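User: Could you take me through this structure, starting with the aromatic rings and then turning to the pockets?

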Amino acid sequence: MSGPHNLHNALLRPPIIQILRAAGYHASRPSVLDTLADLTIRYLLLLGSSAAEHAANSHPDDPVPTLQDIQLALQDAGALRPQIKDFEEDWRGEEDLRGLEAFTSWFTGPVNSEIRRIAGYVPSEGDVVDADMLEKEDYLTALKKKHSKTGEESRYAGTVLGKDAEEHPIVIEGGSASSIGEWASQVKTREPFDDSSSSAISSVPSSLSSGE
């Protein structure tokens, strides 16, 4: 596996460990974590590709997934259950919201609250918490600040851990072109090479005479 894939797997392992801990597991083999990470990656890729397909089909002029596209992707992946078919909804004249309500109840329920507590977002019972720190930082932000002496985001700019860096032109020292863009335009406008006037290269060695 390449470097970025290893990095993404490493970033995905702590949330999986936190979810397992919230579910009551306190130990696991590395192979189990790797398997769960692989399944999670496949599931997220499935949701993302499905949402992109729905966005391209519903509004091709602006194929940016909307909330409705994400809801359809969740339905395709089976995350919103129970759910009756579309024709049954049309026949009944009402939309089936049981799957969406169940997902919302899980998201706002005690299971997700325990996951957030394990992850450090919700203070545990008896903790003395500053009023300004009720919403704790996630583990990745805290880890970046720990390993950054200045605490600035500029250190991670242009990487997968930071914001996109501003594009700067690459200057070429010497030569007729001062930048890669100018050099590319010169190459495009350059006339194609014409070898019709040049002498043809013979396949016969020059050391051999015509008689030979």
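Analyst: A search of the whole structure finds two aromatic pairs, where rings of Phe, Tyr and Trp (its six-membered ring) pair if their centres lie within 6.5 Å, with planes under 30 degrees apart counted as stacked, over 60 as edge-to-face and the rest as tilted. This is a predicted model, in which local features need pLDDT of at least 70 and side-chain atom pairs count only at pLDDT 80 or more, while totals for chains, interfaces and linings use all residues. Residues are numbered from 1 along each chain as its sequence is written, and side-chain values use heavy atoms, with hydrogens and water left out.

User: How are the rings of Trp106 and Phe107 arranged?

Analyst: Their centres are 6.5 Å apart and their planes stand at 55°, so the pair of Trp106 and Phe107 is tilted. Ring pairs also bring in Phe103, giving a cluster of Phe103, Trp106 and Phe107.

User: OK, pockets now: which residues lie nearest the centre of the largest one?

Analyst: Ile19, Thr40, Tyr43, Leu44 and Trp106 do, out of 16 lining residues. By class, that lining has 13 nonpolar, two polar and one charged residues (Ala, Val, Leu, Ile, Met, Phe, Trp, Tyr, Cys and Pro count as nonpolar, Asp, Glu, Lys and Arg as charged, and the others, Gly among them, as polar).

User: And how does the lining of the second largest pocket divide?

Analyst: The lining of the second largest pocket has two nonpolar, five polar and six charged residues. A pocket here is an open set of points on a 1 Å grid over the protein atoms alone, where a 1.4 Å probe fits, with protein on both sides within 12 Å along at least five of seven lines, and lining residues have an atom within 4 Å of a point.
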